[in-house]
Amino acid sequence: MDIPPLAGKIAALSLSALPVSYALNHVSALSHPLWVALMSALILGLLFVAVYSLSHGEISYDPLYAVFAVFAFTSVVDLIIALQEDGYVVGFVDFYTKEGEPYLRTAHGVFICYWDGTVHYLLYLAMAGAICRRKRYRNFGLYWLGSFAMSILVFLTGNILGKYSSEIRPAFFLTIPYLLVPCWAGVRVFSQPRAPTCCTANTVQEEQRKGLLQRPADLALVIYLILAGFFTLFRGLVVLDCPTDSCFVYIYQYEPYLRDPVAYPKVQMLMYMFYVLPFCGLAAYALTFPGCSWLPDWALVFAGAIGQAQFSHMGASMHLRTPFTYRVPEDTWGCFFVCNLLYALGPHLLAYRCLQWPAFFHQPPPSSPIALHKKQQ
């Protein structure tokens, strides 16, 4: 997978978030939630106009360029929020975290800001750079799509259902475009042509003739998917208050964060159970039976989703913003870390396997008339 150069113009524009947020933080009028929402909407609107004026050619080639440019700016803001909440910087976005979105001050909110300010930010620059140079970015787009969708779905649902539901401010409605844009962007990313592969018909046939036992890497992935599926189902039952002793022991001794009233961990486990669990079963099927051409794309989507989710979940489970009674106990920290790290690593290994050796997932080449005639004889 080729890594395109980063977009320098977008990087320079996004860094303007530093002086803008610092200046707005010292405007006394922004102490009211409504003014925070209106000013935020105005800034995003002016930013879009600036991007459109400076990069009309790139936007005409691919409208997602404007989306990546605006989201790169918000990623820098999110990174500032995370750094300020952890005490590394001061005096930048107090007005927004107090009167705009106070739930960003939770441990979960801090870690989704870290992820957005680093991983998403680099993806935006890479995809914008690919558009500038008319290169492909489909794989980056699929990974971003899964990561972004998981982040926003868990965060918005947790805000509505958790203990911060009574503190929803007008700025919350600015996140509505964050629900609509991924739908439109996902359609555009999936509609892009796949990168050509060098797999010949003979290579595809030879690879697809191998059984699962002849492909030890795939066998290991299938075993992982089965175990991950059971782990996903188990944690889903835990947050649904399953009365069994094993669930009781797990939620109190291994992951007490699942009881946190902020609701993010409960929503996260339910997302896993309803979406990741079926994917584990379908992916195991696709690794066993050849010709499932959908797996490489969806493996990237789920790798991004689970990577983002596990980063936020693991970080929030141990962060100081999480009350002590809900943090991971010191004597089970190793078990918690290993299990959750493997849960995050497996989908990335699956996506890597699909991208590097895709022959098994290609549709079987149609038999030629001559070969059919010989077979009939």
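Student: What percentage of residues 64-83 is helix, and how far apart are the end C-alpha atoms?

Tutor: This is a predicted model. Residues 64-83 are 100% helix and 0% strand, with end C-alpha atoms 28 Å apart.

Student: Where does UniProt place the feature "transmembrane region"?

Tutor: The unreviewed UniProt entry puts it at residues 33-52, 64-83, 103-128, 140-162, 168-187, 219-240 and 269-287. Such annotations may be inferred rather than shown by experiment.

Student: How many helices and strands does the chain have?

Tutor: There are 16 helices and zero strands. The radius of gyration is 23 Å, close to the 21 Å that the globule rule gives for 377 residues, so the chain is as compact as a globular protein of that length. Along the principal axes, the C-alpha trace spans about 90 × 60 × 30 Å.

Student: How far apart are the mean positions of the positive and negative charges?

Tutor: They are 11 Å apart, for 23 positive and 21 negative charges.

Student: How should I read a single residue? Is leucine 47 buried or exposed?

Tutor: Start with the accessibility cut-off: buried means under 20% relative accessible area. Leucine 47 has 7% relative accessibility, so it counts as buried. Next, locate the residue: leucine 47 is in helix 3, residues 33-54. Then list its contacts, setting aside residues up to four places away in sequence: leucine 47 touches Leu13, Val70 and Phe73.

Student: How far is leucine 47 from valine 262?

Tutor: Their C-alpha atoms are separated by 33 Å, and the two residues are 215 apart along the chain.

Student: Which residues does glutamine 192 contact, leaving aside neighbours within four places in sequence?

Tutor: Glutamine 192 is in contact with Asp62, Tyr137 and Arg138. Its place is the loop between helix 9 (176-191) and helix 10 (201-208). With a relative accessible area of 18%, glutamine 192 is buried.

Student: What is phi at aspartate 241?

Tutor: About 65°, a positive value although aspartate 241 is not a glycine. Aspartate 241 sits in the loop between helix 11 (216-239) and helix 12 (245-253). The cut-off for exposed is over 50%, and aspartate 241 has a relative accessible area of 59%, so it is exposed.

Student: And what is phi at alanine 263?

Tutor: Near 80°, again positive in a residue other than glycine. Alanine 263 belongs to the loop between helix 12 and helix 13 (264-288).

Student: Is alanine 263 buried or exposed?

Tutor: Alanine 263 counts as buried, at 13% relative accessibility.

Notes
Residues numbered from 1 in each chain as written. Predicted model: local features only at pLDDT ≥ 70, side-chain atom pairs only at ≥ 80, totals over all residues. Heavy atoms only, no water. Helix = DSSP H or I, 4+ residues; strand = E, 2+ residues; numbered from the N terminus. Rg over C-alpha atoms; globule rule 2.2 N^0.38 Å. Lys, Arg positive; Asp, Glu negative; His and termini not counted. Charge placed at Lys NZ, Arg CZ, Asp CG, Glu CD. Buried < 20%, exposed > 50% of the residue type's maximum accessible area, 1.4 Å probe, protein only. Contact = heavy atoms within 4.5 Å.
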